Amino acid sequence: MVEVWLPYGNTEVCVRIPTANLLDVIEPKKIDAAKNPQTEIKNALENPLGVKRLAEMVKPGTKIAIVLRDSGISTNQMIISTLLEEMGSTGVRNEDVTIIVAYDPLRTFSSQQTLPILGEDLSARLRVIRHSCKADGQINVGKTSRGIEVHLNKLFTEADVKILAGTIEPHPIAGYTGGREMILPGVASLDSIMKVFQLGIDERAKRGILEGNPVHEEMVDAAGLVQADFALNIVRDSQFDVVKAFAGDVDKTFEKSVMLAEEIYKVPIENRADMVFISPGGSFFDKTFQEASICLDGALEVAKKGKGVALIAECMSGYGDKKFFEALSRFSNPKDLKKHLERKFSVSGLMAYRLMIVPQQVNLVIVSIMPDYYVSRVFRMKTARTANEAYHLLADTVGTRGKVSFIPYGNLTIPFVKP
């Protein structure tokens, strides 16, 4: 027998299978992390791509807006403290700087961290706000090529120097996070976000895909309507350790960052599996069923059609938000939900639609702490109490000799079958 451990909330769970049944463990490439991440970020700021140093762009009295993608308190602190150090040498005061925490429509309300997200010291010194996509007074900056009007945060649009800062990671709809994604949806209005994310119904809007991805293309257009002056992108490994930092021109840093991210997160596989066990990657990704289910696109890339997939996700905060619940409980056919989303769109509804597609292609089993009432009765999906019970349930359908693949970090893994 062989044991494979999968992240589950703040802990791990073990799956025991016969050694002969193990096909592979699919995870991001192990790559050396930066020996000193703060120094790595500092070096990137001192050697920007395509623009002059940030220290040359600012002076005392310059109004500075930093859009920060919330990537965990440790990374947030490193990013902001290093940016402040770079600008502080020019006489920029703390009161000249506003940190705008970017809005993420894929995270449910229960998973949104409450301020402070920078630790007590930085939060006490700086003005930190979380962008509200429903706030009044947002600025119309123009239309995208598809005619979508873009309204953005007033503090951001009126700043003298606009900085985008955050991590580059796989995004299940936009391809990758970071860069333009920090403008839309990061500091955009709800209406603009909904109209762009409605394009996420398109099958080309998927994890790791930029070319031909309509959501990514609209984000690029939106970013072109307002000139961000500087970007700081961080690429991390699956353990959230900083590997490399890129700073400078928004487009050039995004391109460089994605090239490295693809080396880490894109994983070729030889053969599809009879059974796939997938975890979103632990507590940062599996607080709700709504968020945890996002990773299942990766399982569909690996599993044979009609075979078995087990989602291993704690879901400590339950099923997610009201619209996600309503979509899953009201519609039993994804085609009907798709028609509904074309008339009345919501990102939560889109996430429900993507989840509903999965059981039509594979035999899906859910392992979580959610009551069976929600998963089996309301959502009409199979459940198991433990990961090992899920294995035996799936083995009954695919056979005891079925080959098994494991994906421990589903949100950060882009598996693909070699041509």
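User: Are H12 and H13 roughly parallel or antiparallel to each other?
Analyst: This is a predicted model, just so you know. In it, the axes of helix H12 (residues 334-343) and helix H13 (residues 347-361) cross at roughly 160°. Angles over 145 count as roughly antiparallel, so H12 and H13 are roughly antiparallel to each other.

User: And within what distance do the axes of H12 and H13 come?
Analyst: Those two axes come within 9 Å. The crossing of H12 and H13 is left-handed.

User: Which residues make the contact?
Analyst: From H12 you have Pro 334, Leu 337, Lys 338 and Leu 341. H13 brings Gly 349, Leu 350, Ala 352, Tyr 353, Met 356, Ile 357 and Gln 360. Sorted by class, the contact has eight nonpolar, two polar and one charged residues.

User: OK, new topic. What's the order of the strands in the open sheet?
Analyst: Six strands form that sheet, in the order S3-S19-S15-S16-S17-S18, and the pairing is parallel.

User: Which strands are at the edges?
Analyst: Strand S3 (22-25) and strand S18 (382-383), each pairing on one side only. S18 is joined to strand S17 (residues 363-367) by two bridges, and Ile 366 has Thr 383 of S18 as its bridge partner.

User: Which helix packs on the sheet?
Analyst: Helix H15 (residues 387-398) does, touching strand S15 (273-278), strand S16 (303-312), S17, S18 and strand S19 (404-407). The direction of H15 makes about 160° with that of S15.

Technical notes:
Residues are numbered from 1 along each chain as its sequence is written. This is a predicted model: local features need pLDDT of at least 70, side-chain atom pairs count only at pLDDT 80 or more; totals for chains, interfaces and linings use all residues. Side-chain values use heavy atoms; hydrogens and water are left out. Axes are lines fitted to C-alpha atoms, for helices over the stretch in contact, and angles run from 0 to 180 degrees between N-to-C directions. Helices (H or I, at least four residues) and strands (E, at least two) are DSSP runs, numbered from the N terminus. Angles under 35 degrees count as roughly parallel, over 145 as roughly antiparallel, 65 to 115 as roughly perpendicular and the rest as oblique. A crossing is left-handed if the near helix is turned anticlockwise from the far one by less than a right angle, and right-handed if clockwise. Contact means heavy atoms within 4.5 Å. Ala, Val, Leu, Ile, Met, Phe, Trp, Tyr, Cys and Pro count as nonpolar, Asp, Glu, Lys and Arg as charged, and the others, Gly among them, as polar. Two strands pair if DSSP finds at least two bridges between them.
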